[in-house]
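User: I am new to reading protein structures. Could you take me through this one, feature by feature?

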Amino acid sequence: MIFWTIVKLSFKSLAANKLRSLLAMLGIIIAVWSVISALALGAGAQQSIMKQISSLGTNLLIVSPGQRGRHGVMSGTYQNLKIEDAAAMLQLPNVSHVAPVVRGGVQVKYLNKNTSTSLLGTTPTYFTIRSFVVDRGRPISDADCDSASRVAVIGTATAKNLFGEDYEWGIGQTILVKGVAYRIIGMLQTKGDQGWFNPDNQIIIPFTTAMKRVLGVIYLNEINLRAVDEKKLDALQIQVTELLRKRHRLRPEQPNDFNVHNQAEVLSTANTILTAMSLLLGGIAGISLLVGGIGIMNIMLVSVAERTREIGIRKAIGAKQGDILKQFLIEAMVMTGVGGTIGLVAGYLTSIILTAAQNRFALVVEPWSVVMAIVFSVTVGIFFGYYPARRAARLDPIEALRYE
Amino acid sequence: MIQADHLIKSYELGGQTVHALDDLSLRIDAGEMVAIRGPSGSGKSTLMNILGCLDRPDSGTYVLGGEDVSGMSPDEQADVRNRRIGFVFQAFNLLPRMSALENVELPIQYAGGFEARQRAEAALTRVGLADRMHHEPNQLSGGQRQRVAIARALVNDPDIILADEPTGALDTRTGEDVLALFKQLNAEGRTILIVTHDLSVARHCPREIYLRDGKIVPSVEHQLAKNFP
């Protein structure tokens with residue numbers, strides 16, 4: 001019998017029992033729906049996080065003080081990164097930029113407006129390394145650093161807190177940081193809240209000013225380095241480590257008293273974790289496909305019993321075992337295929353609705369997840385339809401014809 | 001057309017062995033119209049199942065149209081049923097939710113044949129249902145349904161038409177019409193076997209095979225009914 005005739009026949013017999021077919025398919029519909037939604041959620045979150053991480057630059061090394069601790073007991077961080085360390089790093093062959101960083105939390109005041117924000121003291125190179133764009137006014141300059149001048153570049157969120165919605169007039173104004181007057185020379189381009197940290201809510205001042213006048217520290221919180229070439233990043237990481245061990249006079253058996261973070265490593269680690277998370281989500285949802293398949297098998301068994309006489313008639317007029325097997329297998333596949341398609345559309349709509357409902361990230365229905373969902377649901381049809389179909393195919397025609 | 005020799009078929013029933021067919025031999029020539037009659041339990045259903053290739057004898061040979069079919073596998077039997085045998089049942093046994101035309105097309109589709117549509121239309125026209133082709137069985141009367149079934153039996157141009165109580169579910173007049181159709185088909189040269197318990201049906205057939213206890217025995221009634229209607 002021709003394949004399409006059987007497919008047409010399957011649709012007909014599904015349509016004859018609409019409610020039952022729908023209930024049988026419901027398991028598959030919900031399963032594919034949740035698989036598609038879960039994978040879209042995972043993929044969307046992954047893409048958004050990866051974008052944030054790689055926006056920091058992938059040829060970046062971040063050196064920070066090590067955890068102080070013995071035998072696994074942590075007790076704060078070392079205070080051992082000096083400005084001289086940063087200067088020494090600039091002499092390494094693969095380095096293009098170095099930016100020392102000090103951080104602190106401060107109260108900022110303009111007239112009667114008061115806001116707390118994070119303060120970042122650094123050099124002009126920091127703007128280059130971290131792709132910070134100053135789109136109004138100017139960034140801090142080397143001259144500002146040399147003279148420890150009281151100038152600040154502020155983020156738009158901080159500016160909004162101080163100057164209101166039309167904050168642009170704030171450039172050139174004088175604000176008070178810990179009671180000392182600073183002139184605003186520029187504003188950062190808006191980056192958007194990243195969840196754990198808002199880059200728009202900070203003020204950036206020369207590191208010399210920050211260390212001497214505001215925070216009163218002589219150690220750095222961080223040194224940012226940019227490699228000449230992304231491919232040289234691993235080599236640079238080793239060079240930096242060796243340099244710092246030498247400068248900190250560590251003996252070979254002593255562990256590092258600092259950490260060197262490789263941004264490319266962070267990226268690939270994050271990617272691995274996020275992929276695993278998204279597969280886990282999809283896998284859990286995938287189990288429901290199995291449950292849906294059992295529902296299909298149940299209905300197919302009922303259908304075979306109910307249509308015993310039909311099977312007998314078909315056999316009497318010349319249907320071979322393979323013909324009957326094909327008919328019921330295709331019927332199961334049509335059922336799961338239709339269910340899968342409905343679930344797919346529902347999942348796709350869900351991802352559109354969830355994307356519209358929040359503005360943090362967009363859910364992404366990837367093509368491979370669509371293909372996988374359809375392939376899996378049809379496979380479930382074959383797998384769980386096979387036993388009932390074989391039972392139908394092996395019926396004795398005489399018994400089947402006698403069946404009431 | 002049919003040559004069956006020493007057919008034996010027995011069943012286990014409640015610990016007892018029942019000989020449904022007891023060393024039965026028969027020969028039916030092409031173009032004959034034969035009634036197979038007997039009381040219930042005489043083995044006529046068993047004989048019909050074996051002659052219809054739905055079942056196999058325990059021993060003995062059955063040659064249908066020159067082909068020995070007694071030792072065939074279920075799929076080979078299905079193929080023989082499809083090509084050589086047209087079934088007509090008491091309960092019509094049409095598939096619901098399919099039009100008369102689609103029902104008649106089925107045997108052609110299982111044969112992998114082409115021009116299914118045209119051939120099915122021709123068969124339905126032959127049984128006088130040209131204007132009912134697109135009706136579903138539940139929109140047809142009993143007599144019409146049986147005609148659809150006969151068209152379905154005819155459509156693959158089989159060697160024999162095997163009818164099991166074809167008038168059993170019909171009133172007398174409609175039954176007569178169906179038997180008249182069988183006679184016409186026989187007059188066109190088709191071989192027809194009618195299994196029945198009903199003498200009034202059997203007397204329409206020139207020859208009767210009367211069964212009792214799995215054996216063929218002479219039937220006086222049939223001779224009488226034919227000669228003195």
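This is a predicted model: local features need pLDDT of at least 70, side-chain atom pairs count only at pLDDT 80 or more; totals for chains, interfaces and linings use all residues.

User: Let's begin with chain B. How many helices and strands are there in chain B?

Analyst: Chain B has eight helices and ten strands. Its radius of gyration is 18 Å, close to the 17 Å that the globule rule gives for 229 residues, so chain B is as compact as a globular protein of that length. Its C-alpha atoms fill a box of roughly 50 × 45 × 35 Å along the principal axes.

User: What share of the residues of chain B count as buried?

Analyst: The share is 46% of the 229 residues. Look at the contacts too. Take those in chain B with a separation of 6 or more: 67% of them join residues 24 or more positions apart.

User: How do I read one helix?

Analyst: Start with the general idea. An α-helix has 3.6 residues a turn, so residues three or four places apart point the same way. Now take helix α4 of chain B, residues 116-126. Its buried residues are A116(B), A120(B), A123(B) and L124(B). Seen down the axis of α4(B), the buried residues fall within an arc of 95 degrees, so they line one face of the helix.

User: What do the buried residues of α4(B) pack against?

Analyst: They pack against α3 (100-110) and α5 (142-154) of chain B. Look just after α4(B) as well: G128(B) takes a positive phi of about 85 degrees there.

User: Now the place where the two chains meet. How many residues does each chain give to the contact?

Analyst: In general, the size of an interface is often given as the accessible area lost when the parts come together. Here we count residues instead. Chain A gives 17 and chain B gives 19. On the chain A side, α1 (3-16), α10 (308-316), α11 (321-357) and α13 (397-402) each supply at least two residues. The largest share, four residues, comes from α10(A). By type, the chain A side has nine nonpolar, three polar and five charged residues.

User: Which residues touch the most other members of the largest nonpolar core?

Analyst: They are I296(A), A151(B) and L193(B), in a core of 113 residues. Helix α2 of chain A, residues 18-55, gives the largest share of this core, 14 residues. There is also a second, separate core of 48 residues, which includes Y126(A), V153(A), I175(A) and I223(A).

User: What does I296(A) contact beyond its neighbours within four places in sequence?

Analyst: Its contacts include A24(A), I28(A), A332(A) and F384(A).

User: How is chain A divided into domains?

Analyst: Domain 1 covers 3-52 + 278-402, and domain 2 covers 96-222. Their centres, taken over C-alpha atoms, are 58 Å apart.

User: Last, single residues. Is L60(A) buried or exposed?

Analyst: Count the neighbours. The cut-off for buried is 20 or more other C-beta atoms within 10 Å. L60(A) has 21 inside 10 Å, so L60(A) counts as buried. This residue is in strand β1 of chain A, residues 60-65. Leaving aside neighbours within four places in sequence, L60(A) is in contact with I129(A), N224(A), R226(A) and Q263(A).

User: And where is L243(A) found?

Analyst: In helix α8 of chain A, residues 233-247. L243(A) has 16 other C-beta atoms within 10 Å and is partly exposed. Now compare sequence with space. L243(A) and L92(A) are 151 residues apart in sequence, but 8.9 Å apart in space, C-alpha to C-alpha.

Terms used: Residues are numbered from 1 along each chain as its sequence is written. Chains are lettered from A and ligands numbered from 1 in the order in which they are written. A nonpolar core is a set of buried Ala, Val, Leu, Ile, Met, Phe, Trp, Tyr and Cys residues joined through C-beta atoms within 7 Å. A residue is buried if 20 or more other C-beta atoms lie within 10 Å of its own, exposed if 12 or fewer, and partly exposed in between; C-beta atoms are placed from the backbone. Two residues are in contact if their C-beta atoms, placed from the backbone, lie within 7 Å. Domain bounds come from an automatic or database domain assignment. The arc is that of the directions from the helix axis to the C-beta atoms. The radius of gyration is taken over C-alpha atoms; the globule rule is 2.2 Å times the number of residues to the power 0.38. Ala, Val, Leu, Ile, Met, Phe, Trp, Tyr, Cys and Pro count as nonpolar, Asp, Glu, Lys and Arg as charged, and the others, Gly among them, as polar.
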